[in-house]
Amino acid sequence: MGFIKGIHHVSMKCCGKDEYEKVLHFYRNVLGLTEIRSWDTGIMLDSGNGLIEIFTDGEERLAKGVIRHFAFAVTDVDACAKAVKEAGYQVFIEPRDIEMASKPVFQARIAFCVGPLGEEIEFFKER
């Protein structure tokens with residue numbers, strides 16, 4: 001029996017109020033996540049099956065780390081990519097269908113973008 005039940009949240013730290021507002025706008029207004037709770041130095045947004053936690057009190061920008069990206073399960077990959085582009089963010093892998101050579105074969109539609117802190121985000125819809 002394992003201890004892990006799933007991922008509870010992904011956390012990001014913003015350096016200052018301007019960066020925080022930009023990140024909050026992206027996740028709340030562009031991607032449509034809703035607020036679950038907030039406090040003096042942060043907020044939690046609901047992604048459907050996990051939370052995005054955004055803090056205002058980052059002291060320095062971090063270099064890209066070992067986590068390559070996180071993926072949102074979405075209803076419409078193309079609509080997500082379009083909303084991100086219209087908001088001025090880079091979609092570096094346009095929406096496309098993939099087939100993973102696994103057993104059994106796994107099919108999905110994906111796209112990738114760069115978020116306001118440089119985080120890589122995948123939009124993922126199982127087929």
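Me: Where is Arg-96 placed?

Reply: Helices (H or I, at least four residues) and strands (E, at least two) are DSSP runs, numbered from the N terminus. Arg-96 lies in strand S6, residues 91-100. This is a predicted model, in which local features need pLDDT of at least 70 and side-chain atom pairs count only at pLDDT 80 or more, while totals for chains, interfaces and linings use all residues. Residues are numbered from 1 along each chain as its sequence is written, and side-chain values use heavy atoms, with hydrogens and water left out.

Me: Why does Arg-96 count as partly exposed?

Reply: Buried means under 20% relative accessible area, exposed over 50%, and partly exposed in between (1.4 Å probe, protein chains only). Arg-96 counts as partly exposed because its relative accessibility is 42%.

Me: Which residues is Arg-96 in contact with, leaving aside its neighbours within four places in sequence?

Reply: Contact means heavy atoms within 4.5 Å. With those neighbours set aside, Arg-96 touches Ala-108, Arg-109 and Ile-110.

Me: What is the order of the strands in the open sheet?

Reply: Two strands pair if DSSP finds at least two bridges between them. The open sheet has 4 strands in the order S5-S8-S7-S6, with mixed pairing. Its edge strands are S5 (70-73) and S6, each pairing on one side only.

Me: In what sense do S5 and S8 pair?

Reply: S5 and strand S8 (residues 120-126) pair in the parallel sense, over 4 bridges. Phe-70 has Ile-121 in S8 as its bridge partner.
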